[in-house]
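Dear colleague,

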Amino acid sequence: MAETQTLDARVAALGGAGAAPRRSLWRRIEPAAWGAGSFVVLLLVWQFVPYFVPLKPGTRLFFTVPSRVAATLWQMIVSGSLWAPLGVSATAFATGLAIAIVVGLPLGILIGRSSLLNAMFDPFITAFNATPRLVFLPLLMLWLGIGLWSKVAIVFIGALFPLLINTYEGVRAADKLLINVVRSFGANEWDIARLVVVPNALPFIVVGLRLAIGRAVLGVVVSEFFGSQEGLGVVMVRAASGFQVDVVFAGLIVFAGLSLLMTGLVKLLEDRMTRWRPGHVNAQ
Amino acid sequence: MAEQAIVRPTFAVRYRKILLGGFAVILFFAAWQAIFLFVPFNPLFISKPSLIAAGLVDLVDSGDLFHDLAVSAVPFFIGLAAAVIVGVPLGIVMGWRPRVGYALDPLMTVFYASPLVALAPLLVIFFGVGVSGKAVIVFVLSVFPFIFNAHAGVRAVDRLLINVVRSLGGGEWDLYRKVIFPSVLPYIVAGSRIAVGRALIAVLVGEFFAASEGIGYAISRFGDIFALDRMFGCILVVMAIAVVLTEGIRWAERAAFPWRAGQ
């Protein structure tokens, strides 16, 4: 892609000042224009469906239009009814993710550095990573009750494995030569971790963090659907069973927006950290 | 690698990882069983491997387990099949027609990044608690890995091969059949690994919500009646199925497309 663009730019430069600059501007904005256009078209079609398609009364109950969703969302923000449930969800999210980071990074480094631990942990990591973590929810609800901690536990086991696996991959990818150099200068395992392994694994860890955020949001939503009394997910389930479809969509937009915002920020960090490496991270 | 070719490693060295892994698993279950000798846990909240094994034997003997699995498998496969049928062509067209790609890529990225499982309550109410409701949730969650991987696969197609087919007089259809589809296939298989994981989540979500049969329903019902041995048994079965599916696809990838190993 990059190659063809530079080639086009070069051809444009050779072609003189005539039509070339205009064309290259369009070329630059064309993807964004199509992308924005498709959003607008989707919203317009959705908005005007009820005018063109006669909906049955039963279906109408499940139908809403973007303007109504936006109005509902705005009302939830202004009246403040959004903030209390969102705070509950955010607490579970942040606590679970924090514990996953505190546990996942050291454990990932340990497993990456020790081939014995690696071999012994591997079956468990494979099994838990392949299994939808949701399957443990009924069990966790029995153990931790309906409330914050069963949600935290689901977020934790969801976010742990991307962090653990990426940290471990990053540690394993550390340059053996560098490790040998610091070791021959008398470094112990702690120095090796501090000077070589962790800096090297950092871009991998950031990728893991991005994946973990996605899993954590999923964990909050799902655990609030089944094992909770309060939180934005609970608001959505109640709205769905009361046929308040616009509230469901408003909740989805809030969850999606926050998820995109957080992963976007981490992605910026990721690009910053990996820009200087030619063949950069591609874990998971 | 070269050293291995010269000195043939002993059995223990060659299978070190598998042996240690197996040992760790056995150790784990043994410790789980043994801890009950020292700590009197409340059997309402935890079970031990011997009881879980007995519970599983019961479930297999009565046929309940296979019945529940069969009930869950139907929406799982219907939803996945629909996701392949919709996702793969869409991804290929997005990759092959740049403007379609420009138009749909941001939209799909937003859908993929948002927790679409949040739509589950709505879908269950709209499509019902039976096969169709669950199949729709499976489809919604698992279609995006197919779209994105088919898209990425098309973009990685060798331009030279395309030019060769064109200069030998091949039409659009020949391009799809001879160049694009074969080189996209490994990507689709890789995508299916992700999709299967999401499809399992979808089935469980659907069955936790409202169902009267199925493996997800079995797990939550056994939890409700404090039948911890059966509950653990079903959880282990789900774990085993998840591992077999994802590792099976990984194995198939390595076997069928060895040049892509490690990607």
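How many salt bridges does the rule find across the interface of chain A and chain B? The rule finds 2 of them across that interface, and please bear in mind throughout that this is a predicted model. In one salt bridge, the side chain of Arg99(B) meets that of Glu30(A), with a distance of 2.5 Å from N to O. The count of residue pairs in polar contact between chain A and chain B, with both residues at pLDDT 80 or more, is 4.

On the side of chain A that touches chain B, the elements giving two or more residues are helix 2 (20-52), helix 6 (115-130), helix 7 (137-144), helix 10 (189-226), helix 11 (232-241) and helix 12 (245-274) of chain A. Helix 6 of chain A gives the most to that side, with 12 residues. By residue type, the side of chain A that touches chain B divides into 39 nonpolar, 9 polar and 2 charged residues. In terms of extent, 50 residues of chain A are in contact with 48 residues of chain B, and the two chains bury about 4600 Å² between them, 85% of which is on carbon and sulfur atoms.

As for chain A itself, it has 12 helices and 0 strands, and 44% of its 284 residues count as buried. Among the contacts in chain A with a separation of 6 or more, 73% are accounted for by residues 24 or more positions apart.

Asp68(B) is buried and yet has no salt bridge, the nearest side chain of opposite charge being that of Arg221(B), at 4.6 Å. What the side chain of Asp68(B) does reach is the backbone nitrogen of Gly214(B), at 3.0 Å. Leaving aside residues up to four places away in sequence, Asp68(B) touches Glu213(B), Gly214(B), Ile215(B) and Ala218(B).

With best regards

Key:
Residues are numbered from 1 along each chain as its sequence is written. Chains are lettered from A and ligands numbered from 1 in the order in which they are written. This is a predicted model: local features need pLDDT of at least 70, side-chain atom pairs count only at pLDDT 80 or more; totals for chains, interfaces and linings use all residues. Side-chain values use heavy atoms; hydrogens and water are left out. Contact means heavy atoms within 4.5 Å. Buried area is the accessible area (1.4 Å probe) that two parts lose on being put together, summed over both. A salt bridge is a side-chain nitrogen of Lys or Arg within 4 Å of a carboxyl oxygen of Asp or Glu. A polar contact is a pair of N or O atoms within 3.5 Å; within protein, one must be able to donate a hydrogen and the other to accept it, and residues adjacent in sequence count only if both atoms are side-chain atoms. Helices (H or I, at least four residues) and strands (E, at least two) are DSSP runs, numbered from the N terminus. Ala, Val, Leu, Ile, Met, Phe, Trp, Tyr, Cys and Pro count as nonpolar, Asp, Glu, Lys and Arg as charged, and the others, Gly among them, as polar. Buried means under 20% relative accessible area, exposed over 50%, partly exposed in between (1.4 Å probe, protein chains only). Lys and Arg count as positive and Asp and Glu as negative; His and the chain ends are not counted.
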